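I opened the model to look up its strands, its cores and its charged pairs. My entries follow in the order in which I checked things.

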Amino acid sequence: MSAAEDTTEVTVPCVVVTSCDNGFKEEELIKEILGSKTLPEATKQEETVAWYPWTINNKYYTADVRLCVVPSTFKMTSEIAQTMQAFIAYFDSTAKDGLEKLHPWISVVEDIAPEVLILVCDRVCENGVTRHEAQQWCLAHGFELVEIDPQELPDEDDDFPESTGVKRIVQALNANVWSSVEMKDGHNQGFGLMSSLVAARHNNPRSCQESPQSSSLPVDGTLVNEKDYHTESTHTETQDTVVDAMTDLDIQELANLTAGDADVDNFERLFTKLKEMKDKASSLPHEQRKVHAEKVAKAFWMAIGGDDDEIDGLSSGEES
């Protein structure tokens, strides 16, 4: 590979896929995401780390990304960290200590702060990791829980059923604003809103980022949401991280939906997402729920050109 090709490859964003279940290989999940029985040829491989190509192609845009198999934190490199924009972790829900095996990844994820964080299992297990335990872990660390084969499927009579399984994973990845995105004709204006929504969120760093602790990875740039979850003194910061992570995901998905045409199908999808947001936010304590709603509202206001001064009075006192 030439120097130019190597530089191009490094700039392609990646989805890091890892499995903390010895009985489940990352490649199996990648095949599910690609909708293929076989894996494509890896664009690059270094021992047990492999990069597989994927072109996201939907109504609004195309984007080249890499699905990167990283078996453990010991295999993380600065190259992977610099291009990582999504993280998917599979765990064994039948083992009571299934979530504990994810602990080494927590500091890595906090340092890099990828846009999409998904926790995956076959299905929650009452004799292993329960739904409540998995959801609490996700809230604490800003992940979304996805069961590949959930025991309880969405109600068929629901006008707006939620997506589940691999379909939900693909949906979340499609909702991200990738650095390699290329908008399709007719949707460039929508991309302006899409970009503004994400920029409105990330151009307002929180005060806790001003004094980051030492990084666990050799990555250039500011470390995001880095804090110690093992001390009571950081309890408030942890709650803010939960709200911030949920806000990131909500803004990204709403931006994707608002980038489309004003048709009935798009309106229904937007309505479904708003319903999901309401259900998800309802699990937060009152103050966190209030902050979450405020930040999403502010992001939309700024995205359509609103003046930040005009909505200062809506703040609950928390920094955006």
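How many bridges join β5 to β6, and do they run parallel or antiparallel? I found five bridges between β5 and β6, and the two strands run parallel. For strand pairing I required at least two DSSP bridges between the strands. Helices (H or I, at least four residues) and strands (E, at least two) are DSSP runs, numbered from the N terminus.

**Ground rules.** I worked from a predicted model, so local features needed pLDDT of at least 70 and side-chain atom pairs pLDDT 80 or more, while totals for chains, interfaces and linings used all residues. Residues are numbered from 1 along each chain as its sequence is written, and side-chain values use heavy atoms, with hydrogens and water left out.

**Entry 1, strand β5.** I looked at the partners of β5 on either side. F87 has L117 as its bridge partner in β6. From β5 the chain passes through α4 to β6, a right-handed β-α-β crossover. I called a crossover right-handed if, with the strands pointing away from the viewer, the path from the first strand over the helix to the second runs clockwise. β1 is joined to β5 by six bridges, and these strands also run parallel. V17 is paired with I88 of β5. I then checked burial, taking buried as under 20% relative accessible area, exposed as over 50% and partly exposed as in between (1.4 Å probe, protein chains only). Seven of the seven residues of β5 are buried, so the strand is largely enclosed by the rest of the structure.

What does F87 touch beyond its neighbours within four places in sequence? With contact set at heavy atoms within 4.5 Å, I listed V16, T18, W105, V109, P114, V116, L117, I118 and F143. I next searched the whole structure for aromatic pairs and got four. The F87 and W105 ring centres are 5.0 Å apart with planes at 40°, so I logged the pair as tilted. The cut-offs were centres within 6.5 Å for Phe, Tyr and Trp (its six-membered ring), with planes under 30 degrees apart stacked, over 60 edge-to-face and the rest tilted. F87 is in strand β5 and W105 in helix α4, so this pair ties together parts 18 residues apart in sequence. Both residues, F87 and W105, are buried. Ring pairs join F87, W105, W137 and F143 in a cluster.

I defined a core as buried Ala, Val, Leu, Ile, Met, Phe, Trp, Tyr and Cys residues joined through side-chain atoms within 4.5 Å. The largest core has 31 residues, and M76, I80, F87 and L119 touch the most other members. At least two residues each come from β1, β3, α3, β5, α4, β6 and α5. The largest share, five residues, is from α4. A second, separate core holds 29 residues, including I30, A63, V116 and V181.

**Entry 4, strand β7.** Is β7 covered on one face or both? Both faces are covered, with E144 and V146 buried on one side and L145 and E147 buried on the other. Four bridges join β7 to β6, and the two run parallel. C121 is opposite E147 of β7. β6, α5 and β7 form a right-handed β-α-β unit.

I counted a salt bridge where a side-chain nitrogen of Lys or Arg is within 4 Å of a carboxyl oxygen of Asp or Glu. The whole structure gave seven. I noted three of them.

- E147 pairs with R131, closest N and O atoms 2.8 Å apart. E147 in strand β7 and R131 in helix α5 are 16 residues apart. E147 is buried at 8% relative accessible area, whereas R131 is partly exposed at 28%.
- E79 pairs with K44, closest N and O atoms 3.0 Å apart. E79 is in helix α3 and K44 in strand β2, so the pair ties together parts 35 residues apart in sequence. K44, E46 and E79 are linked in a salt-bridge network.
- E28 pairs with K31 at 3.3 Å, N to O. Both E28 and K31 are in helix α2, three residues apart, about one turn of the helix. E28 is partly exposed at 39%, and K31 is buried at 19%.

Seven of the 10 residues of α6 (165–174) are buried. I listed them as G165, V166, R168, I169, A172, L173 and N174.
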